[in-house]
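Take a look at the model below. We start at the ligand and then move to a helix and some backbone details.

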Amino acid sequence: MLTKGCILLIEDDETFRSFLQTILEDEGYEVRLAGDGREGDRVLARESFDLVITDLKMPGKSGLELFRETRQDPGSPPFIFLTAFGTVDEAVAAMKEGAVDFLTKPLAAPEALLSLVARTMESQTRNRAFLSLKEAEAAGLPPEELVFAGQVMQTLRKMVYDVAATTANVLVCGESGTGKELVARTVHLLSPRSRLPFVALNCAAIPENLLESELFGHERGAFTGALQARQGKFELAAGGTIFLDEVGEMPPAVQAKMLRVIQERVFERVGGRKEIKVDVRIIAATNRHLEDEVAARRFREDLYYRLNVFPLLLPPLRERLDALPALVDFFLQRFCRQLNKKLQRIEPEVLRAMRSHPWPGNVRELQNVMERAAILAHDCIRPEHLPESLFNRQVQEKPGGSRDMLRSMEREMIVKALQKNRGNRRLTADELGISRRTLQYRLREYDLIGET
Ligand SMILES: Nc1ncnc2c1ncn2[C@@H]1O[C@H](COP(=O)(O)OP(=O)(O)OP(=O)(O)O)[C@@H](O)[C@H]1O
């Protein structure tokens, strides 16, 4: 039977510990035990847990000390404290530092603990689930996680952690598929808002006339078809984070309203008069040079500065090839798990081909390539498991060339794929391992709209 989650229980009173163990196990949780903070520390170093329930005061290392040390680690589990009446103040202090909650000993009713544990587990799952929405929908597969591979990402890691602790607006810049949304979700996850909503909206995917109502909601009758009043994304994200992808596509009227939300923290629904207060952290993303948009007066300069309080730049994959081995390994393990396969090795030729490829679809493309290879391969991944585009001679002959050269190669690859697929964008995008949206940008960028 699948357990509902794994809990580390740290308690020095043996009787109380086994009482808690019984009620948690009866409820379907897997429980590991430790008799004090030091032992808890050792267990935590070996295994991962969904939750830690710990006594606050213990000889040796206290639960509070352990909590403070542990929460420095990314992805550390939530803590619930058990405390005697005399030490409630300390438990309250721990909550201010990020602990989930505390319960006083002796437990008045085990139900209180069980419902707190259930709620914590649920919010853990919710927080993780958003990282793997598509996969989780499919089969409750393991969550996606951001791999900080290569030097650039190592530097970025620190920035992500630092900015997550604040409420500063963040602007994530990078080509399509570089991981902007994943970074935004990770900032949210690591922030004190992690248990509140993360709401994402792609500004390019919504028709201009609907974007305002999508963001700010509308009142009934605000426009033809507005039969019901509806909350917008800002209201849905209350207290949490809103992720605005392709923010450069935002039309001027919406930009003005955004500015007001940032400056005054209020807005009105479309067709409404009532001011609605908001406390939402904004993470915006763009794959355009937003400065150019500002210079061309397509994007408000004042809004740009408000959004760009903390910029995070994700370079294209071809400019951080040192990240390849770790990413390849990560995706290989993921797809092996999903496909229930054991593929141990990757032939050196495969990595060589990967190093010479311009990766127009960036990490998303690599992920697709790895999935395809994992499906095709039986024992180890060989060159024949890679798509043909990775063996484009031209690319191999001129690795690491200038940006212009890469762009012209990318254009050529798109033209070829379009021709091969008779202008069918879905097939073309699939072949290139990029999303249809990315293809759409590229077509516009390379002036290829007429080719389809
Ligand atoms: N560093 C990384 N570690 C693990 N997975 C990654 C990483 N970077 C990107 N990915 C994966 O690549 C895919 C694309 O990432 P994401 O959607 O965040 O990119 P994006 O820059 O927001 O793309 P777009 O601009 O097209 O929306 C996702 O499936 C994501 O999980």
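A residue counts as near a molecule if its C-beta atom, placed from the backbone, lies within 6 Å of it. The model is predicted. There are 19 residues around the ligand, and Ser176, Gly179, Lys180, Glu181 and Val363 come nearest. By class, the shell holds nine polar, six charged and four nonpolar residues. Two domains take part: domain 2 (150-315) and domain 3 (318-451) each supply at least three residues.

Now turn to helix α7, residues 150-164. Its 15 residues, at 1.5 Å a residue, should span 21 Å.

The backbone has some details to check. Lys105 and Pro106 are joined by a cis peptide bond, with omega about -10°. Pro106 sits in the loop between β5 (101-104) and α5 (110-129).

Glu246 is not a glycine, yet its phi is positive, about 55°. It lies in the loop between β8 (241-245) and α11 (252-264). Is Glu246 buried or exposed? It has 21 other C-beta atoms within 10 Å, and 20 or more make a residue buried, so Glu246 is buried.

Trp359 also has a positive phi, about 45°, without being a glycine. Its loop runs between α15 (348-356) and α16. Trp359 counts as buried because it has 26 C-beta neighbours inside 10 Å.

Note on methods
Residues are numbered from 1 along each chain as its sequence is written. This is a predicted model: local features need pLDDT of at least 70, side-chain atom pairs count only at pLDDT 80 or more; totals for chains, interfaces and linings use all residues. Ala, Val, Leu, Ile, Met, Phe, Trp, Tyr, Cys and Pro count as nonpolar, Asp, Glu, Lys and Arg as charged, and the others, Gly among them, as polar. Domain bounds come from an automatic or database domain assignment. Helices (H or I, at least four residues) and strands (E, at least two) are DSSP runs, numbered from the N terminus. The expected span of a helix is 1.5 Å times one less than its number of residues. A residue is buried if 20 or more other C-beta atoms lie within 10 Å of its own, exposed if 12 or fewer, and partly exposed in between; C-beta atoms are placed from the backbone.
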